[in-house]
Amino acid sequence: MMANIGGKVMNNFRDKFKVVRKDTLQWFPGHMSKGIKQMQSALKRIDCIIEVHDARIPISGRHANFKKTITGVKPHILVLNKLDLADLSYKNHIISQLNNEGIEHVIFTNFNSQVCKGMKTLLPLAKNLIMNSNRYNRTAEDSFSIMIVGVPNVGKSSLINRLRNEHLQKGNATKVGAIAGITRSVLTRIKISEEPTIYVLDTPGILSPEVKDVDTGLKLALVGCLQDHLVGTMTLADYLLFTLNKQRRFEYVNVLNLLEPTDSIKKLLTSLCLKKRLFQRVKTVHNQMSTIPNYEFASQNFIKLFRAGEFGKFCLDKDLLKVRQDNHDTSNKEIELI
Ligand SMILES: Nc1nc2c(ncn2[C@@H]2O[C@H](COP(=O)(O)OP(=O)(O)OP(=O)(O)O)[C@@H](O)[C@H]2O)c(=O)[nH]1
Ligand SMILES: [Mg+2]
């Protein structure tokens with residue numbers, strides 16, 4: 001039935017998303033530029049960099065300069081997190097493309113899962129890379145130091161808490177939160193293991209000062225790496241609808257109890273307002289009170305359902321995967337699934 005619904009309206013969807021200006025997606029507050037400087041100065045005391053990114057946007061949105069300005073020649077592991085929300089059927093394509101970009105070690109994780117296999121391989125891999133690397137000024141140092149970097153809200157602090165819980169003691173050592181921008185500065189190092197002693201350094205989420213293109217900015221916003229208000233909640237809801245239709249993913253029709261897919265965000269939100277009784281009282285130009293649908297609230301609701309995985313698992317970078325199906329490079333061995 002779903003395919004029929006999709007088939008019927010297939011050609012009626014927008015194929016381009018307009019509206020947003022690039023500068024509305026710019027978010028580079030003071031704590032980010034300060035964070036980059038703090039990371040660079042901490043670098044001489046670091047043996048390995050773990051970069052965390054959202055597995056739903058594995059290619060786009062990563063800070064373009066991490067590898068050049070922060071990682072340098074130090075051992076580097078890319079952790080693609082929130083696997084519980086990501087479409088796994090693209091895993092090999094993603095790994096091949098990242099390998100081609102020079103990113104050798106890729107691990108998939110889900111920090112919400114207690115049995116995450118990626119999590120189990122991460123620390124042994126980091127130790128191995130450090131022990132086989134040239135530690136330059138740090139060869140006399142017995143303890144290892146790892147810095148966790150990445151864009152906002154991808155799970156950097158969650159990773160540190162998980163590492164510490166699994167290898168040392170229970171309880172959160174660093175603050176976690178659902179909004180981008182929770183960690184504001186490079187914190188003091190946190191011990192996560194004994195024998196060898198391993199410290200990690202949490203860092204604030206850092207975005208590029210320049211958003212590469214509007215699509216990248218919107219994808220970052222959709223997965224929560226940019227705060228919603230920077231794009232506008234209703235614009236973001238519209239971009240979500242555009243994305244779902246473009247990927248021919250019509251799960252939202254059932255979840256929202258709609259009759260059929262739609263390309264109109266106003267129609268979708270009005271229906272959501274009626275079903276969930278989302279209204280607000282406003283003053284009209286004639287100074288009278290009127291009840292109207294609360295589109296802001298409905299937009300938040302729609303986005304929240306996507307981020308909770310209610311519309312299914314997604315790869316938002318499908319259009320950026322260049323690797324052909326028959327051309328996998330499966331040489332990378334550090335692949336772990338939940
Ligand atoms: N679904 C899902 N949510 C996760 C996962 N890991 C972390 N989260 C959630 O993602 C949100 C952000 O987590 P944090 O650990 O604070 O992320 P961060 O990268 O430190 O964020 P900033 O400090 O703001 O840059 C929190 O609501 C976490 O509970 C995961 O594997 N899956
Ligand atoms: Mg944090």
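Which residues do ring pairs link into a cluster? In this predicted model, local features require pLDDT of at least 70 and side-chain atom pairs count only at pLDDT 80 or more, whereas totals for chains, interfaces and linings use all residues. Residues are numbered from 1 along each chain as its sequence is written, chains are lettered from A and ligands numbered from 1 in the order in which they are written, and side-chain values use heavy atoms, with hydrogens and water left out.

The cluster linked by ring pairs consists of Phe 13, Phe 250 and Tyr 252. Rings of Phe, Tyr and Trp (its six-membered ring) pair if their centres lie within 6.5 Å; planes under 30 degrees apart count as stacked, over 60 as edge-to-face and the rest as tilted. Seven aromatic pairs were found in a search of the whole structure. One of them joins Phe 250 and Tyr 252 in a tilted arrangement, with 6.4 Å from centre to centre and 55° between the planes. Phe 250 counts as buried because its relative accessibility is 7%, and Tyr 252 counts as buried at 0% (buried means under 20% relative accessible area, exposed over 50% and partly exposed in between, with a 1.4 Å probe and protein chains only).

Charges also sit over rings, a term that requires NZ of Lys or CZ of Arg within 6 Å of the ring centre and within 35 degrees of the ring normal. The charged end of Arg 189 is placed over the ring of Tyr 199, 3.7 Å from its centre. Arg 249 lies over the face of Phe 314, at 4.0 Å from the ring centre.

Two residues other than glycine have a positive phi: Glu 195, near 50°, and Asn 257, about 60°. In general, most residues other than glycine have a negative phi, and most peptide bonds are trans. Glu 195 is also joined to Pro 196 by a cis peptide bond, with omega about 0°. Pro 196 is found in the loop between strand 5 (190-193) and strand 6 (198-201), and Glu 195 lies in the loop between strand 5 and strand 6. Helices (H or I, at least four residues) and strands (E, at least two) are DSSP runs, numbered from the N terminus. With 77% relative accessibility, Glu 195 counts as exposed. Asn 257 is located in the loop between helix 10 (251-255) and helix 11 (265-276), and is exposed, with a relative accessible area of 55%.
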